[in-house]
4 protein chains.
Amino acid sequence: MNRSELSSAFQKVRQTTRDLCRPLCTEDYVIQSMPDVSPPKWHLGHTTWFFERMILEEFADNYRACHPRYYFVFNSYYQSFGERVARDIRGTLSRPTVEEVFAYRTEVDEKLVGLIGGLEQGRFAEFADLVELGLHHEQQHQELLVTDVKHILASNPLRPTYRTCDGDGIRRAPAPSPPTFHEFEAGMFEMGAPDGGFAWDNERPRHKTWLSDYGLMDRPVTCGEYLDFMKDGGYREPLLWLSDGWDAVSENGWRSPLYWDRRDGDWEIVTLRGSRPLDLAEPVAHVSFYEADAYARWEDRRLPTEAEWERAARQHGRSMQGNFLEDGRFHPAPGGCGSGEGQPGVRQLFGDVWEWTGSAYLPYPGYRQDRGPLGEYNGKFMSNQMVLRGGSCATPKSHIRPSYRNFFQCDKRWQFTGIRLAKDLH
Amino acid sequence: MNRSELSSAFQKVRQTTRDLCRPLCTEDYVIQSMPDVSPPKWHLGHTTWFFERMILEEFADNYRACHPRYYFVFNSYYQSFGERVARDIRGTLSRPTVEEVFAYRTEVDEKLVGLIGGLEQGRFAEFADLVELGLHHEQQHQELLVTDVKHILASNPLRPTYRTCDGDGIRRAPAPSPPTFHEFEAGMFEMGAPDGGFAWDNERPRHKTWLSDYGLMDRPVTCGEYLDFMKDGGYREPLLWLSDGWDAVSENGWRSPLYWDRRDGDWEIVTLRGSRPLDLAEPVAHVSFYEADAYARWEDRRLPTEAEWERAARQHGRSMQGNFLEDGRFHPAPGGCGSGEGQPGVRQLFGDVWEWTGSAYLPYPGYRQDRGPLGEYNGKFMSNQMVLRGGSCATPKSHIRPSYRNFFQCDKRWQFTGIRLAKDLH
Amino acid sequence: MNRSELSSAFQKVRQTTRDLCRPLCTEDYVIQSMPDVSPPKWHLGHTTWFFERMILEEFADNYRACHPRYYFVFNSYYQSFGERVARDIRGTLSRPTVEEVFAYRTEVDEKLVGLIGGLEQGRFAEFADLVELGLHHEQQHQELLVTDVKHILASNPLRPTYRTCDGDGIRRAPAPSPPTFHEFEAGMFEMGAPDGGFAWDNERPRHKTWLSDYGLMDRPVTCGEYLDFMKDGGYREPLLWLSDGWDAVSENGWRSPLYWDRRDGDWEIVTLRGSRPLDLAEPVAHVSFYEADAYARWEDRRLPTEAEWERAARQHGRSMQGNFLEDGRFHPAPGGCGSGEGQPGVRQLFGDVWEWTGSAYLPYPGYRQDRGPLGEYNGKFMSNQMVLRGGSCATPKSHIRPSYRNFFQCDKRWQFTGIRLAKDLH
Amino acid sequence: MNRSELSSAFQKVRQTTRDLCRPLCTEDYVIQSMPDVSPPKWHLGHTTWFFERMILEEFADNYRACHPRYYFVFNSYYQSFGERVARDIRGTLSRPTVEEVFAYRTEVDEKLVGLIGGLEQGRFAEFADLVELGLHHEQQHQELLVTDVKHILASNPLRPTYRTCDGDGIRRAPAPSPPTFHEFEAGMFEMGAPDGGFAWDNERPRHKTWLSDYGLMDRPVTCGEYLDFMKDGGYREPLLWLSDGWDAVSENGWRSPLYWDRRDGDWEIVTLRGSRPLDLAEPVAHVSFYEADAYARWEDRRLPTEAEWERAARQHGRSMQGNFLEDGRFHPAPGGCGSGEGQPGVRQLFGDVWEWTGSAYLPYPGYRQDRGPLGEYNGKFMSNQMVLRGGSCATPKSHIRPSYRNFFQCDKRWQFTGIRLAKDLH
């Protein structure tokens with residue numbers, strides 16, 4: 001990107017974060033409704049800190065921190081940058097205030113835009129790469145902002161909404177056609193991000209992998225299908241579950257996906273637009289890996305590996321059409337809002353819901369983590385997590401790629417996480 | 001109280017709560033910095049709920065709740081009033097907003113003032129008693145508001161202040177004279193609140209108790225004296241501690257009172273006006289019962305019983321002069337700011353710091369708890385707590401009495417809790 | 001005691017401990033079925049350590065420990081004697097073996113008996129006092145041995161018995177007559193152990209206390225009466241409970257006393273002789289303070305203070321007749337096996353079940369804890385515990401006194417703890 | 001296997017278990033020194049239960065359980081077989097006694113041997129397969145027995161030994177030559193157990209996988225090499241660790257492998273033959289996956305994948321020579337006791353220490369878990385665990401295979417787990 005493209009991209013992404021906050025009242029910014037959730041104002045501050053600490057500190061002359069104490073408050077997990085507020089007590093901080101955090105954003109934005117315009121040419125390429133990375137980082141936090149706000153509001157007994165319900169939110173879609181499995185022949189597949197262009201270090205290097213024959217479901221599992229699993233006693237039958245999964249069911253008392261509510265015998269679902277009856281046609285979301293795996297076993301299927309998923313995405317991705325953050329629905333849509341519906345092949349791979357894979361989040365062969373603090377971005381989380389693919393209705397469209405690897409622990413449910421099944425063909 | 005006195009008292013107390021909130025920014029109202037702390041807006045809502053639920057519901061014709069869901073949100077621990085938000089997640093609620101809570105206060109205040117003026121005469125006496133009780137309840141929460149705000153601000157790495165430091169906050173007082181023990185002869189003592197006038201149920205009935213000879217320290221223990229205990233290894237010698245106390249020291253890593261900070265070899269203290277060097281002359285505060293008890297053992301003394309304390313308070317209380325909430329210091333003062341200094345006898349019994357006694361919080365002989373929901377106010381907490389006496393710099397002056405019994409678990413430190421020693425005379 | 005009396009007392013008490021172990025198999029000695037329980041072999045070792053560490057080390061010439069590492073293994077909680085195995089992992093130690101522990105007993109016994117015979121006269125009195133104290137200590141552990149073995153066996157799904165059931169264990173007694181309350185007039189009472197004779201430091205000094213009029217139930221509450229409380233929803237009504245008590249009910253899922261078992265609609269009770277149908281006439285046992293307190297509130301009564309209990313015991317104790325360890329029942333008996341039944345006044349004060357009082361375990365006025373390590377015996381536990389009086393069916397008869405103060409935390413249930421009610425007379 | 005071979009194999013394996021118990025005293029059989037450890041008598045009972053419940057119940061006519069309650073006591077984790085004693089309280093059971101458990105073994109052995117001789121021919125093949133599987137199951141518990149006994153004895157402050165130290169236990173070996181990396185060319189590899197012959201379901205199906213060029217260390221990492229990592233601050237530098245790993249270091253206070261003891265500045269190591277100075281030449285053992293991974297990062301290497309390991313094992317396994325359970329050392333040996341030392345290629349792949357791989361324990365492509373209860377054996381543990389390869393000094397030699405997949409959570413250290421490094425070749 002040249003200077004003006006970079007400046008424009010920077011301002012656009014940063015503005016999107018502000019826009020996402022518009023429906024919030026001051027109090028909403030402060031809340032941490034569970035340890036995984038961060039207060040919205042922390043996201044605002046942390047993404048700003050990222051630009052200040054990673055870029056301004058390196059590239060601005062004689063840089064002096066806007067607020068040195070913010071370095072402590074807004075560091076997430078970077079050991080390279082010293083001590084920080086423990087993650088699970090982010091919700092105990094009233095200061096800096098929301099206004100102060102927005103002022104901090106403005107200050108850093110101005111300095112960064114100044115640097116985009118004025119940095120000596122010799123350092124610009126390296127600088128621009130880092131800014132681009134910072135924008136992808138910010139986009140990740142845009143998604144977290146949406147899912148965290150959802151949890152904050154849904155945990156409140158007054159059940160406030162993020163956006164009020166307009167027409168398309170309550171449209172009941174027709175039941176989708178029964179699932180089919182698109183078949184892929186065995187063969188060697190080159191997976192991972194190609195050289196050139198932005199990708200996280202964990203998407204590289206591109207490497208060969210051998211895949212046996214497999215079938216992949218043409219669309220995500222729907223709420224109606226998942227409800228059949230529940231009605232069949234899915235949450236009561238230990239033999240359907242991984243051992244750790246059954247422990248999670250027992251300890252947490254899971255009986256349905258997160259945000260499902262039993263009201264007078266009917267299921268309601270809590271969305272960012274408020275509660276409404278469950279739509280059987282929409283993709284099921286907010287399930288853990290354990291639930292996805294148990295559902296697959298109940299169907300006598302399995303989850304796809306990330307290689308199987310990526311191969312399908314390259315063949316059938318259709319330019320990554322889908323229901324993304326920009327669509328403003330903040331909820332999965334039946335049929336992905338028409339992206340590819342009725343067409344042959346595998347649909348709705350992108351957007352709507354992140355799809356749990358059966359692959360552990362591990363380094364690719366030949367993986368080299370980035371040098372310096374950015375090395376902490378991905379590599380150190382490569383244990384006890386599973387890969388998810390495809391993005392969700394809270395993911396910015398420009399953020400996703402066929403090679404994109406998201407990852408969460410097996411019991412997490414507050415992201416828009418769903419299910420697509422695979423099967424062996426022999 | 002007649003109608004106009006009651007109306008005036010009501011408005012004055014309710015206004016004081018608002019005044020105490022003036023230094024807060026919106027974000028401060030939402031925070032629960034540890035399970036014992038409640039968010040300031042919860043205090044505002046809960047005290048209002050108390051008037052609505054206990055009084056308006058009973059005395060207003062065809063009363064309809066302002067916001068029925070608030071009954072769930074703002075109930076503290078009244079089983080009589082059904083389900084409520086668990087105490088330790090009060091800090092996860094962004095709504096109702098601060099503005100909504102203040103509006104709720106205004107609405108209930110108007111209705112209650114209306115009732116003070118308009119309630120039929122036949123029910124007024126009973127009503128007025130309940131309003132008075134509600135005001136005492138509100139005053140308790142004024143003290144909690146101050147101590148909770150102190151904890152919220154002190155937990156913040158940016159170290160915000162509640163009020164900025166003016167002159168008297170940093171005045172260094174002369175070292176107090178060495179402690180003396182005023183002697184009391186053995187004899188029968190009538191303790192507890194006399195009939196008539198407001199008192200909590202736990203202060204009654206007045207009853208006889210026999211006291212042996214004893215001596216009572218003429219003033220509270222100072223920071224300087226407590227520092228001697230620390231320097232002598234007080235926190236490292238298990239034989240000075242109750243068994244439970246030593247466990248608390250070990251588990252919590254206590255090495256000083258709460259809010260003491262070691263900076264470059266010197267002790268600083270965090271106050272509501274910010275951090276400043278420790279004043280050796282001021283009463284030590286923010287110690288647990290265990291620390292008070294260990295300090296006493298180190299001095300080869302003991303804590304007084306509540307009867308011993310109350311007897312001294314009746315003889316030496318001097319109209320309960322002292323350093324109270326109204327004084328606006330929000331911190332204990334050397335010599336209680338001159339109340340009784342230099343006079344013979346026992347001084348500073350009221351205000352400055354709550355004084356731990358060696359008495360467990362138990363019912364008096366013949367105790368009858370109030371009927372109905374108010375019966376839950378005091379009686380059900382009569383286990384595993386110790387009695388404190390005398391009020392603190394965060395207690396409203398009109399709230400305290402010689403018979404007043406405060407109570408906390410042995411390990412609590414976030415109140416302004418201090419030490420006065422007693423000794424046996426044989 | 002002279003030398004031969006002391007020697008005989010020593011050998012008798014030590015032998016009793018061995019006798020109590022006779023029904024155990026080797027494996028039983030090793031188990032810690034919950035943190036409060038100690039493995040029987042630990043009791044055997046610890047009581048021996050007590051004689052070695054407190055007495056042989058002081059009085060034997062050039063004493064060398066039998067096994068220096070045992071000092072670490074068998075120290076209970078004496079900070080004066082340094083580090084020790086954490087209490088809750090006593091059940092992780094297979095060595096020393098049971099045989100080794102018995103050999104250790106034999107070795108220490110021989111040395112101690114030798115000292116009884118041979119110690120120089122000038123030190124004998126002090127020595128004899130310590131030996132006597134050691135025997136009382138051993139008797140406390142005899143009671144713990146019985147209650148711990150009960151818990152160990154009852155926790156086992158194979159439900160082994162300690163002794164098989166003979167005739168008197170299953171005798172069904174007639175329902176006791178309805179309770180009456182014996183009345184005591186207000187007055188000054190001298191409580192505590194008189195000077196001379198053995199008593200723990202916590203029973204002294206004898207001191208005056210004023211008592212109002214009160215009534216004391218003539219016998220302990222029976223299982224039948226307690227069952228009425230249960231049937232009336234006692235465990236489901238929070239308003240009957242102390243706040244901490246209701247938390248305990250909720251967290252532990254209490255629905256009955258410990259060792260009660262619902263089988264096909266009937267209540268069975270697990271005893272040291274095995275399971276059998278509940279006997280409605282026998283005193284209820286294995287209730288916590290919280291349950292005792294809730295039961296009293298349900299009856300609109302209260303628990304007695306320890307002063308009230310002690311005064312009754314001095315007037316009505318009838319030489320402390322009762323159902324004790326020596327009787328070999330190991331279970332409370334209806335009517336205390338005839339001790340005082342049918343006579344006027346207060347019965348069954350001693351033996352059968354420890355009676356919870358409403359008094360916190362605190363120092364008496366003028367209390368001085370013993371010097372040296374023995375000072376850790378009682379004084380450091382004077383917080384967060386309640387006093388129990390009278391001994392139980394697992395207490396050696398020679399161990400108990402009217403002034404004897406036992407103490408446990410409010411939620412403990414594995415001792416033979418029961419209920420006697422009191423009431424105010426105005 | 002024919003009937004006589006099967007009978008002989010059965011008796012041999014069952015006898016080995018008894019032999020391993022010979023050094024134990026009765027008390028040792030009962031202990032659970034941490035939740036991962038099972039009491040030795042539980043292993044004895046559980047392996048017996050396995051034969052009874054899986055085989056006798058199916059193949060013996062009108063079979064009646066020896067002791068029906070044992071089905072509850074000795075079920076490990078089979079949901080198919082109903083309720084069981086919770087894993088972490090196995091150490092609270094004194095009964096059945098050790099003698100009773102051995103009697104149970106004898107009873108089941110006799111019945112099973114009878115069946116080997118007398119079962120109708122038509123069912124024999126299926127039966128023999130199950131018996132063989134039961135023997136492999138028993139061998140797994142032989143290894144656990146050794147490692148659990150090691151933990152039980154090492155946790156005891158008296159530091160008992162399993163076997164006394166004879167000559168070869170203390171032999172100091174010469175320092176091994178510096179590690180070299182044997183290089184493997186990229187290519188397709190068929191991994192997993194071939195059809196025919198015993199293998200667990202998780203080793204199948206055999207399947208293709210593509211491997212890039214890689215280098216594999218010729219021998220395991222030694223204690224001396226690991227000590228260099230420690231001296232270089234390995235346990236203090238968070239950037240060397242996975243995020244979960246650093247949490248484990250911090251929470252558990254890890255500063256060395258398990259069983260290493262700092263004594264007066266020197267390192268000692270606790271073995272089953274007692275404590276002795278650390279032998280720098282022997283393979284490091286008792287490290288977690290996190291430690292193995294951190295060590296590899298410190299060396300700028302990585303752990304091998306299980307495919308890389310298995311390929312080397314097929315080329316260089318040399319008939320699986322190594323230091324196994326049968327050798328009776330119960331400890332890793334420098335140079336694997338000469339197996340392959342000095343020869344070119346990769347040595348010591350089998351025996352000594354299980355080698356952590358960088359592969360998550362997941363199903364192979366096309367994996368089908370066994371039907372019925374045996375389906376619970378492996379498949380349900382396929383989350384949050386890592387694969388280990390090669391067996392250890394506590395593994396029976398006849399139990400191991402090149403395709404054998406062991407698996408543990410990343411933080412486990414009580415098995416003989418060690419490190420072999422790999423590296424990329426580009």
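Tutor: We begin with a criterion: a salt bridge requires a side-chain nitrogen of Lys or Arg within 4 Å of a carboxyl oxygen of Asp or Glu. Please keep in mind that this is a predicted model.

Student: Why is the pair A:Arg95 and B:Asp28 called a salt bridge?

Tutor: The side chains of A:Arg95 and B:Asp28 meet at 2.5 Å, N to O, and because the limit is 4 Å between an Arg nitrogen and an Asp carboxyl oxygen, the pair qualifies. The rule finds two salt bridges across the interface of chain A and chain B.

Student: What makes C:Arg368 and B:Asp300 a salt bridge?

Tutor: Their side chains are 3.8 Å apart, N to O, which is within 4 Å, and therefore this pair is also counted. Between chain C and chain B the count is two salt bridges, alongside eight residue pairs in polar contact, both residues at pLDDT 80 or more.

Student: How do you know how much of chain C takes part in the contact with chain B?

Tutor: With contact meaning heavy atoms within 4.5 Å, 33 residues of chain C are in contact with 33 residues of chain B. The two chains bury about 2,600 Å² between them, 54% of it on carbon and sulfur atoms; C:Gln79, C:Trp210 and C:Asn384 supply 20% of the area that chain C buries there, more than any other three residues.

Student: What is the buried area between chain A and chain B?

Tutor: That area is about 2,300 Å², of which carbon and sulfur atoms give 64%, and the contact takes 29 residues from each of chain A and chain B.

Terms used
Residues numbered from 1 in each chain as written. Chains lettered and ligands numbered in written order. Predicted model: local features only at pLDDT ≥ 70, side-chain atom pairs only at ≥ 80, totals over all residues. Heavy atoms only, no water. Buried area = accessible area lost by both parts, 1.4 Å probe. Polar contact = N/O pair within 3.5 Å; in protein donor to acceptor, adjacent residues only side chain to side chain.
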